[in-house]
Amino acid sequence: MTPALVYTARSHLGMVRENNEDSAYAGPRLLALADGMGGHAAGEIASQFVVAALAKLDEDEPGQDLTGTLTHALTIGNEAIAAHVEAHPETEGMGCTATALLFDGRRMGLIHVGDSRAYLLRDGTLSQITKDDTFVQSLVDRGELSEDEAHSHPRRSLILKALTGEPVEPTVVTREARIGDRYLLCSDGLSDPVSTATISETLATGSPDEAADRLVQLALRSGGPDNITVVVADVADSPRNTPTIPVVVGAASTDEPGVVDPAADPYSGTAAGKAAAFSRAQSASRTGAAGAAGAAGAAGAAAASGGAHGSDVADSNAGGTSGSKRGRKSKGRGRGGRAAGAAGTGGAAGAGQDHDDDDNTDADADPPRGSRWRFALSVVGVLVVIAGIVGVSTLLIRSNYFVTEQDSQVVVKRGISGDVFGISLSSVARIACLTPEGTLTMHDPDSIPTNCDVFTLGDLREPARETVRAGMPSGSLAEANAQVARLAQDNLLPPCEPEEAAPRAGERGDGDAPSSSSNTPDEPGEPAPDTDRPTRGADEPAPGADDPADRNDPGAEDPADPDAPTDPDAEGDEPSPTARPTPPQVPGENCRAVS
């Protein structure tokens, strides 16, 4: 029988992020995962494009060249990102990671870019079969950092490779697939907060569905600082009782705009297919617009110059060609069409302007004065534009809030992170107070209650502290307050219990002997302990110290004599063994200080 895959996929928003930028696909032949980045809803679009391109490989038998097939599909997804950035310049910087496995029944083709990961559990041993394309991993490879140090390094998320529309060289490898193997693809929302040992222990038990659910829950309990996406698949000995319907999760499971013809695209019914169709529609629209712009530029040049000015038309066309070359060189992603159209239009305008100037040189009575007016109007226009940009930027900054730490306190700041010439671009807008029961209240910095127990990093568990230090997503004041509330609700350490006061030195209970400072003699016939006798001179012996007749019981031993034999009947007076002390409470480690 031919081996087959038993697969599943899960994705969760996490505890901090406002949107899910991860996309994942699991099918009979393909397992794929992409982790988006870039903001402005661009990261989720990038991950959709890449998963859509890879999902096509699940339709047919992959053939012999597994890695070549994966590389070709990944290139298509990367080009879709470039096309989208070209059509929407505000999404410049969008991109995603990608990790995918292509299965042919006996082999697994692997392709990888970024810091998402692929693991293989074989014979009870978990191994990571991808290497992170990150700055921290490069330090580990050079021996400058240990694995444990890398796991908590503040720059562990700095990626050296990603799919951003620019050419990139992925890592590819072909591996043998064995019956009983279990594969895991995951975003850094799982691998960052959850240790490899815990992942191994969890992945080794239960079905793929059960293992995937437990892994997501582990990441959430560890703070959920990022989107969490996992794909789990087993290699079964036959296709009997194996799934055949693909599973799509994360951003790829939402609908994308665009008109799709189901008859022309049999895979268009899936969310991944819709994303690919949307990319094709945008590319076609852009190509048509570029062609029309180029034609308009050429026509404008011809009309402006006229038949009598053929030399001017030649100069304009030469300028258009040069502009096209410059456009291709600077952009590097086949954007010459739009650059050529713009250059052609500019050339035409230039030719027309020269022609008008030649015709009107003698007719213009005062050209310097007109030039001065044009210059003044241009300066005014530039100043108005600059003032508008400054005003809009100020408005955006003043309406932006984010959660961070200041002087080890968890605060909400207004503005943006960073400074210009040493001047901070943000200020504290809200400070959080905690009650001993963990109730959270938010206050303006100028109206903090006198009994406020300020919310600090030491009140949080370690994963949540790292999340705050690394910076949380910005947004409105209500969103920032909600993030602080989630931190206090899910990641607060228990309050430290007050220690019991120990008895002061010199204090005695009701049954203790009187103080040695008392000079009152004991009752007759009852000798006082040696420690309570008054001090005497060096030559004066203590009364009855060596005379047994002065004792009430001639056979009794001196209670102060250290060599007196122990009465075997007094075993019940021996103190019981001291109970083992509990571990000490350490504020900021296993409890939080409460004032």
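Let me begin with a term: helices (H or I, at least four residues) and strands (E, at least two) are DSSP runs, numbered from the N terminus. Hello everyone, and thanks for coming. This is a predicted model, where local features need pLDDT of at least 70 and side-chain atom pairs count only at pLDDT 80 or more, while totals for chains, interfaces and linings use all residues. Residues are numbered from 1 along each chain as its sequence is written, and side-chain values use heavy atoms, with hydrogens and water left out.

Let's start with the empty spaces. Rolling a probe the size of a water molecule over the atoms shows where empty space is left. Here are the terms for that. We work on a 1 Å grid over the protein atoms alone: a cavity is a set of points where a 1.4 Å probe fits but cannot get out, and a pocket is an open set with protein on both sides within 12 Å along at least five of seven lines. Lining residues have an atom within 4 Å of a point. Grid points are joined across faces, edges and corners, and a volume is the space filled by probe spheres set on the points.

The largest pocket has a volume of about 1400 Å³. Its lining counts 38 residues, and those nearest the centre are Arg 17, Pro 225, Asp 226, Gly 471 and Pro 473. Which helix gives the most to the lining of this largest pocket? That is H12, with six residues. Strand S3, helix H5 (188-191) and H12 each supply at least two residues of that lining.

Now for the cavities: the structure holds one of 30 Å³ or more. About 70 Å³ of space lies in the largest cavity. Around the largest cavity you will find Met 15, Val 16, Gly 223, Ala 464, Thr 467, Met 472, Gln 483, Arg 486, Leu 487 and Asn 491. H12 and H13 are the elements that give two or more residues to this lining, and the largest share, three residues, comes from H13.

Next, the sheet. Two strands pair if DSSP finds at least two bridges between them. An open sheet of five strands runs in the order S1-S11-S10-S7-S8, with antiparallel pairing. Which strands sit at the edges? Strand S1 (4-12) and strand S8 (125-128) do, as each pairs on one side only. From one strand to the next, the twist averages 15 degrees. A word on angles: axes are lines fitted to C-alpha atoms, for helices over the stretch in contact, and angles run from 0 to 180 degrees between N-to-C directions.

S1 and strand S11 (residues 228-236) run antiparallel and are joined by nine bridges. Tyr 7, for instance, has Ala 233 in S11 as its bridge partner. Helix H7 (residues 208-221) packs on the sheet and touches S1, S10 and S11, its direction making about 25 degrees with that of S1. Helix H6 (residues 196-203) lies across strand S7 (117-122), S8, strand S10 (182-186) and S11, and runs at about 130 degrees to S8.

Contact here means heavy atoms within 4.5 Å. Not counting residues up to four places away in sequence, Pro 28 touches Leu 5, Tyr 7, Asp 58, Phe 103, Pro 243 and Thr 244. With a relative accessible area of 26%, Pro 28 is partly exposed.

Finally, the cysteines. How many disulfides does the structure hold? There are two, a disulfide being a pair of cysteine sulfur atoms within 2.5 Å. One joins Cys 433 to Cys 452 (S to S 1.8 Å). Cys 433 is in strand S15 (residues 423-434) and Cys 452 in the loop between strand S16 (440-443) and helix H12 (462-470), 19 residues apart. The torsion about their S-S bond is about -100 degrees, so this disulfide is left-handed. Both Cys 433 and Cys 452 are buried.

Cys 496 and Cys 591 also form a disulfide, with sulfur atoms 1.8 Å apart. Here the torsion about the S-S bond is about 85 degrees, so the disulfide is right-handed. Cys 496 and Cys 591 lie 95 residues apart, in the segment after helix H13 (477-490).

Notes
Buried means under 20% relative accessible area, exposed over 50%, partly exposed in between (1.4 Å probe, protein chains only).
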